[in-house]
Amino acid sequence: MGKVAKKESFFSLLNLYVFVGSVLVKLKVIDDYPTFDRNLIPGQAEVHLAPKENMEPTNALVEKYEGQLETALVTKAVTGISEAETRKYFIDQMLREAGWDILEAKGSIMPAKACIEIQLAGMPNHKETGFADYVLFGANGKPLAVIEAKRTSVDAARGKHQAELYAKCLEAQYGVMPVIYYTNGFNTFVIDGLGYPSRPVYGYHTQADLELIIQKRERAEITDLRIRDEITDREYQKRGIKAVCEYFNKKHRRALLVMATGTGKTRVAISLVELLMRNNWVKNVLFLADRTALVKQAYKNFTKLLPGTYCVLSDDNKPDLAARVMFSTYQTMINYIDRDTKDFSVGRFDLIIVDEAHRSIFGKYGDIFDYFDSLLVGLTATPRSEVDRSTYQLFEQEQGEPNFAYELEEAVAEKYLVPYKGIIRHSAHINNGIKYENLSKEEKEQLEKVWEYEKAQRNIDPDEDYHRDIEKDEIFKFLFNEDTVDKVLQDLMENGLRVQSGERIGKTIIFAYNHKHAVLIVERFGKLYPEYGPSFCQLIDNSVTYAGNLIDQFEVRDNLPQIAVSVDMLDTGVDVPDILNLVFFKVIKSKIKFMQMIGRGTRLSENIFGPGKNKECFYIFDYCNNFEFFNDNPQGVEAKPVQSLTERLFCLRTDISVFLQHSRYQEDPFAKNLHDELKTLLHSQVATLNDSRIGVRKHWDLVCKYRKSENWIFISETDALHIKNSLSPLLIQKMENEESKQFDLLILYIELSLLDADINAVRSKKKVIEIARDLQKATSIPLVMAKIETIKEVLSSHFWENLNLDGLERVRKDLRELILFLKGNSKNTFTIDIEDAFTDGGEAPGIVTTTTYKQRVVDYLAENKDNAVLQKIFNVEPLSQADIRDLERILWQQLGTREEYSKYAQNMIYGGNVAAFIRSIIGVNRNIAIRKFTELISESNLNSMQEEYLKTILNYVCENGDITTSTFGNDPFVNFDWYDAFGDKLSDLTQYVENLHKVITA
């Protein structure tokens, strides 16, 4: 059994106390619980309490409290814990994760222990001594690392030089230079002695890690650049490997290779690993990919070409965590490193190889690259000009300048890849939809089943004559047309590249819209070409059991299936050189994905058409305007990262709570109560974030700030932006009651539209009405019938004409749990057979996105919060005329026009004062503002009334941007008794308010 230190016991007791107290308040057993008093903890070493018998709750007790704990607990802010204890808590947590046993006795030194407050001789001070916060000793009694810990309120960099001095003192005493860490608890940096600049880490190295780092200091540069031809024998592959090695020799830690699909990225990775192992630069390697099939494909190639100990983490079997080379999906690895107990230390791997490195991966799984302190090599097939900025930044490269690039055009020219022939076909239905009036009588009759369904959905009289045109976006999503599929298949079979002397269509991938579309394609092929049997054309997607086995069969020449119909699964990473035909039967907007899909056909294939008759090109049949789209939009349209439902709810509640801070809502009892409820919920979500997760550690300072309830009292717009951008992605995404949360989202969005004129909630309102109609049809369910009055209210015009927050919240709470009864009401789909026509030509329209002027300003202020002029505004320092002119240039020229500015400023108190406009968004530093007042009146302490009045003044400034003494005649100050509060200091208050105005009016 492991030892529990006194400090760990204290924090465990503290958290247990707060949890139990919060539960009892939630259950209304008690009204409140007292603040934790550490002085009541018994002083003796051990206290034994005999557990009570029969602790099982009775049925009556369970029934009494059932359902009362379904919403989040509201915990008190923990007080009485010093800043030093908080900092030490974080440091000790990461040390324990790395397997370090921390001694409690200051100055005590033991081998293989983390020792604290170690006295060191040789410091440049008058006593010539110092005390290192932590020294990590190896089993031989020599120091492996030293840690200098500064206060959380200061930059960790302040401790860098001090840590270096401690390290020199330790070197002088023990003959070895330890690894250096400096930290403020929130942010930790390491200097490893290998010649690299200091870098951030999100955990400490284990004893074995540190010993290996110190051993590496003896390594030479990578000089043995021999490359084994049996692994990589192409000249460009060898150039890429050497480019990475030379870059590593120059003390860089991250490299990026751009290589077209089919040019041997995996072989390059294998050769690089072999070479670095031979040069004693790496021992342990991690290979990451985004899908299990790609992980297993890489594993298969490594085991075939480079003998060693390997492990696939994604396998169901218990993995060998000591293997030299590991293969994992991003999702599997993120689950490992976010556990409370870390199976992998920050130094577990010497090299990480990232397959298909691009932005969508880093957004979700970037914590992996932050956690592991290793060399990093990215591989991507995306052309260098289209690799996004964030990818270059992650690999520390200049935009458009990877370490090595070998792209499609060059590979085709040198005959390492084959070109494609694009065949463009246009479907009348896919391009234009279906015009009802153009249909024959028989075709119109086919659509009657659709009209009957829609009349029932929309409460239209069954006898009413109802019909409409079919929109193009409904084809193969709502309506699945057999004739369109038939014509595509016939075109492929008649005009596609064939093998076996023209007897058989070549290996083909058909990229389908969705699963139902793919199923229809396979079914129609069977109807049109029954002579080929059931295995010739097969579905391969995530719904298919043992889909991986089907892919293995598809890869083999002359094996069936010959045609694979795929939904996403074969878009990337599948290595089938024999592919001769690609069918784009879906719309693609991402240029990265489009190029990856084209890459499925570019590989060489010898003797594919017979002895000596090699593959010289492949065909692409495009039925969805993809080539035209990318011709008009060369960069494509990359999908924005999709926020989870939990994130969207958190962001909406944050936005609403910011609006509700305004005095007109704070004076309304319901709106103020809603404001308080929202902030209580938001606070509880942040308070429960797990410190073991790497994403949380990257934002520890912000997380810790908003774990304190007092920091939610007022949230500026820039605060809200930081909270939404940094904290919402950290929330645990729970899928229970998803339908109810979707309903919350609809109602909250409508609520926000009442507060923000820029929000259009028409679609949300229509959806809520549609849900109410569906519930009205389900009143045979007693729980639904119990809320019939609310349902009728939502269906009345009076409700929407007199919309208010009170009514919306009542509807949300009354109906959210009933949404579960509508689970089976998903939109039906229909299969039809209406004649389609195919032609050539046509262009795809581009997409233009816009942001409001104010959003551009808010984004700019958030991105440039350290700007000197903005810091003056935030810290209540006077601006110069040059500062004002600079702000006007930014607001009236760089971010928009003066007219756009005036649109937002015309009705506000600050009018044309750009500094006041900015102050209304970023707020002020309250601590500095209050200190300036206390300095003015020469008193350090304010009474409670003075504090309340001053808080109201600062709230007003943060909300409106400016204030003058004339403002005191208006709300919220009109009823304030200023003389009673400030007495003979009232003139000082007046001067203070004038100063708040003057500092932004140069």
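This is a predicted model: local features need pLDDT of at least 70, side-chain atom pairs count only at pLDDT 80 or more; totals for chains, interfaces and linings use all residues.

Visitor: Let's start with Phe-19: what is its relative accessible area?

Guide: Phe-19 has a relative accessible area of 47%, so it is partly exposed. By the cut-offs, buried is under 20% relative accessible area, exposed is over 50%, and partly exposed is in between (1.4 Å probe, protein chains only). Residues are numbered from 1 along each chain as its sequence is written, and side-chain values use heavy atoms, with hydrogens and water left out.

Visitor: Which helix is Phe-19 in?

Guide: Phe-19 belongs to helix α1, residues 6–26. Helices (H or I, at least four residues) and strands (E, at least two) are DSSP runs, numbered from the N terminus.

Visitor: What about the radius of gyration?

Guide: The protein chain has 33 Å, which agrees with the value near 30 Å that a compact globule of 1002 residues would have. That radius is taken over C-alpha atoms, and the globule rule is 2.2 Å times the number of residues to the power 0.38.

Visitor: Switching to aromatics. How many aromatic pairs does a search of the whole structure find?

Guide: The search finds 60 of them. Rings of Phe, Tyr and Trp (its six-membered ring) pair if their centres lie within 6.5 Å; planes under 30 degrees apart count as stacked, over 60 as edge-to-face, and the rest as tilted. Take Phe-302 and Tyr-310: the ring centres are 6.2 Å apart and the planes are at 65 degrees, so this pair is edge-to-face. Both Phe-302 and Tyr-310 are buried.

Visitor: How do the rings of Phe-302 and Phe-327 sit?

Guide: Those two are edge-to-face as well, since their centres are 5.2 Å apart and their planes at 70 degrees. Phe-302 is in helix α8 (residues 292–305) and Phe-327 in strand β10 (residues 325–329), so the pair ties together parts that are 25 residues apart in sequence. Phe-327 counts as buried at 0% relative accessibility, and Phe-302 is at 0% too.

Visitor: Which residues form an aromatic cluster?

Guide: One cluster is made of Phe-933, Tyr-949, Tyr-956, Phe-968, Phe-973, Phe-976, Trp-978, Phe-982 and Tyr-992.

Visitor: What sits over the ring of Tyr-336?

Guide: The charged end of Arg-339 does, 4.2 Å from the ring centre. Lys-589 puts its charged end over the ring of Phe-629, also 4.2 Å from the centre. To count, NZ of Lys or CZ of Arg must be within 6 Å of the ring centre and within 35 degrees of the ring normal.

Visitor: OK, charges. How many salt bridges does the structure hold?

Guide: It holds 45, each being a side-chain nitrogen of Lys or Arg within 4 Å of a carboxyl oxygen of Asp or Glu. Asp-229 and Lys-238 make one at 2.5 Å, N to O. Asp-676 and Lys-672 make another at 3.1 Å; both lie in helix α23 (residues 669–687), four residues apart, about one turn of the helix.

Visitor: Which residues are linked in a network of salt bridges?

Guide: Arg-653, Asp-744, Glu-809, Arg-812, Arg-816 and Glu-817 are linked that way.

Visitor: Last topic, backbone. What kind of peptide bond joins Leu-560 and Pro-561?

Guide: A cis one, with omega at about 10 degrees. Pro-561 lies in the loop between α18 (547–555) and β21 (563–566).

Visitor: And what is the phi of Ser-501?

Guide: Ser-501 has a positive phi of about 55 degrees, although it is not a glycine. Ser-501 is in the loop between β17 (498–499) and β18 (504–505), and it is exposed, with a relative accessible area of 76%.
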